[in-house]
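Me: Could you take a close look at one part of this structure for me, namely the surroundings of the second ligand? I would also like to know how that part relates to the rest of the chain.

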Amino acid sequence: MKQKNKKNASLAKLTQQLLAIDDSLTGCMRCGLCQAVCPVYGVTLKEADVSRGKIALLENMAYEMLKDADGLSERLDRCLLCGSCQTNCPSGVNTIEIFLHARQLLAEYKGLSGVKKIIFRFILPHPKLMSFFVAVAGRLQRFFRRKANKNMGMFEFPLLRPFAGKRHFQPLAAKTFSAKYGKINTSAAKSGIKIAFFPGCVPDKLFVRVAEASLKVFEKHDVGVFMPDTMVCCGIPNLVSGDYTSFKRLVKINLDLLSQAEFDYLVSPCATCVSSIKENWFRFRKDFTDGERLQIEKIHDKTVDITEFLVDVLNVDFTQSANAGCTRRVTYHDSCHLKKTLGIFAQPRKILKNLSGLEFVEMPEADRCCGSGGSFTLTQHALANKIGQRKRNNAVSVKPDIVAAACPACMLQLMDMLSQNGDNVEVKHVVELYAEQLTVNS
Ligand code: SF4
Ligand code: SF4
């Protein structure tokens, strides 16, 4: 009897979820304007890959799930969740929310793969365990890698070819940022501003230099910093894979840690983390306790990208260091999470245009997706490669010495694409370029 009741409850939940998805699809008027901006459609030219095609598929979601759940999953996974379709949709269809809900429903229906279960449920919630694995992998990586682009310091891992194709990788950090710095809690000093620092997984484990540059900038501007040493992932990989339970668990762990100190802003150099905290935590806030929901709402208002923090909050005067010497050409790639989700594109440009020793040059299609989409680069690496090649071609067309970005996930993709083409172009975070100037001037 108990078993039967449980089954009925799950069926009722499934039906409700299907109806909710069905309701959200009605806004699409089939105009097809999303075709022009979808990076996946731009490569495949298949209607099934653009949001209009996916919406049509989801209109029969229950049937498709019963017929071929794996096939449906594969088709839904051919999407970067870049938000280009949503930003350009004249009917305001919330495609990202639709696709996230559909993935969640599908994951609940067919279950997650064993590897994802282990990563999402047993490794990501335990940062010390994660740091241990990274430290072990960091030590062993030299036995498995092969130099791929000497100038850019990039490597290939032949053993990963079945999963990642011929991707070029930046080596893992010998020590993660959080292991190196531990818990940080400094006072607000002259600025009177205290921030919670959320470095993000990629700066923590790969681009430690980006997290260190952020600390240097905070110190320069007398900003107090709070950073627990056991902060966990923002939950975006879990959410995009449909594992909503583990997403919620990670959010709860972070909320508990962030409740340990008062802060005026939550700042991150990772555009993906900023958009995840500001948009996704907020989007699903109703599923948390009253106290947590209140905390999420406060955090939503306080969360800022680091370039936004420098320009709009600290009002840093960059004009004093305008292009002295013009020795290096820098171009900028707009991360989808930063520009399309958060509307931030002027702030990083303001910094780059005013820093000493840089000549800013705009690349064509600067806000076109680079093809980096978390697990998309692994599960759909051939597609990610083709999308990334267009970004690389646009970037090198303006002959830069440096390609700047404000999202470490995009930086990985940009480095991979440039390296695979045998280029010798630096890829740097905007905050690194600012921090370098502080060294010169101090
Ligand atoms: S642009 Fe919007 S309304 Fe038009 S087809 Fe795409 S999703 Fe539908
Ligand atoms: S989110 Fe991006 S990749 Fe996905 S359908 Fe929309 S434009 Fe295409």
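Reply: H2 and H5 each supply at least two residues of the shell around ligand 2, where helices are DSSP runs of H or I with at least four residues, numbered from the N terminus, and a residue belongs to the shell if one of its heavy atoms lies within 4 Å of the ligand. This is a predicted model, in which local features need pLDDT of at least 70 and side-chain atom pairs count only at pLDDT 80 or more, while totals for chains, interfaces and linings use all residues; side-chain values use heavy atoms, without hydrogens and water. Residues are numbered from 1 along each chain as its sequence is written, and chains are lettered from A and ligands numbered from 1 in the order in which they are written.

The shell around ligand 2 consists of Cys38, Pro39, Val40, Ser51, Cys79, Leu80, Leu81, Cys82, Gly83, Ser84 and Cys85. By class, 8 of these residues are nonpolar, 3 are polar and none is charged, with Cys and Pro counted among the nonpolar residues and Gly among the polar ones. Around ligand 1, the shell has 7 nonpolar, 3 polar and 2 charged residues, and Ser51 is one of its members.

The automatic or database assignment places domain 1 at 2-110 and domain 3 at 315-441. Between domain 1 and domain 3 about 1100 Å² is buried, 65% of it from carbon and sulfur atoms; buried area is the accessible area (1.4 Å probe) lost when two parts are put together, summed over both. By class, the side of domain 1 that touches domain 3 has 10 nonpolar, 5 polar and 3 charged residues.
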